[in-house]
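This report covers salt bridges and a helix contact in one protein model. The sequence and structure come before the details.

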Amino acid sequence: MSRLVLNVREELPCDYDGLRIARALTRVRLRPLWADSLVDDAELCVDEAFCNAQRHTRSGLDGGTVHLALYATAGGPLYIDITDAGPLNPADRPRVRSGAVGADMDTESGRGMFLIDSLAAHWLYFEKPEGGCLSLTLLTPDRAPVPLRT
């Protein structure tokens, strides 16, 4: 079994200060391990996921929090989890908008999940008893992902 080379877990306020801390924490903890290009991608993904939680989930309400997890094994990819308090609208889930709207970088909203989808090798959102979790997998440039067992 591979040991974790990165294991960061923080509960942050779901506000601008929490976003600033999440971005800085991501950059500071990843910089010693990977190239700047991966660090930049990870920071952008954390930013977009955090902003989505702030805008679309109960975590964005007064006093709400978000849990950030960054973890990786020596032989595998980087994993990022953003856990929130669940959607404001029960039917709302992260999705990539289809068509030109998702690809239009000049629009005011709708590009966060498009960017995450473009940068992450895999992503999924799953419900948890206390809310939901957007889980991202970013491939590290110097390591291949562990193959799936069939």
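## Arg-23 and its partner

Arg-23 is partly exposed, with a relative accessible area of 32%; buried means under 20%, exposed over 50% and partly exposed in between, for a 1.4 Å probe and protein chains only. Its salt-bridge partner is Glu-43, with the closest N and O atoms 3.1 Å apart. A salt bridge here is a side-chain nitrogen of Lys or Arg within 4 Å of a carboxyl oxygen of Asp or Glu. Glu-43 lies in helix H2 and Arg-23 in helix H1 (residues 16-30), 20 residues apart. Glu-43 is buried, at 10% relative accessible area.

The model is predicted: local features need pLDDT of at least 70 and side-chain atom pairs 80 or more, while totals for chains, interfaces and linings use all residues. Residues are numbered from 1 along each chain as its sequence is written, and side-chain values use heavy atoms, leaving out hydrogens and water.

## Salt-bridge network

Arg-27 is buried, with a relative accessible area of 19%. Its side chain meets Glu-43 in a salt bridge at 2.5 Å, N to O, and Asp-40 in another at 2.6 Å. Asp-40 is partly exposed at 38%. Arg-23, Arg-27, Asp-40, Glu-43 and Asp-47 are linked in a network of salt bridges. The structure holds seven salt bridges.

## H2 against H4

Residues of H2 that meet H4 include Leu-44, Cys-45 and Ala-49, and those of H4 include Met-113, Leu-115 and Ile-116, contact being heavy atoms within 4.5 Å. Helices are DSSP runs of H or I with at least four residues, numbered from the N terminus.

Definitions and conventions:
Helix = DSSP H or I, 4+ residues; strand = E, 2+ residues; numbered from the N terminus.
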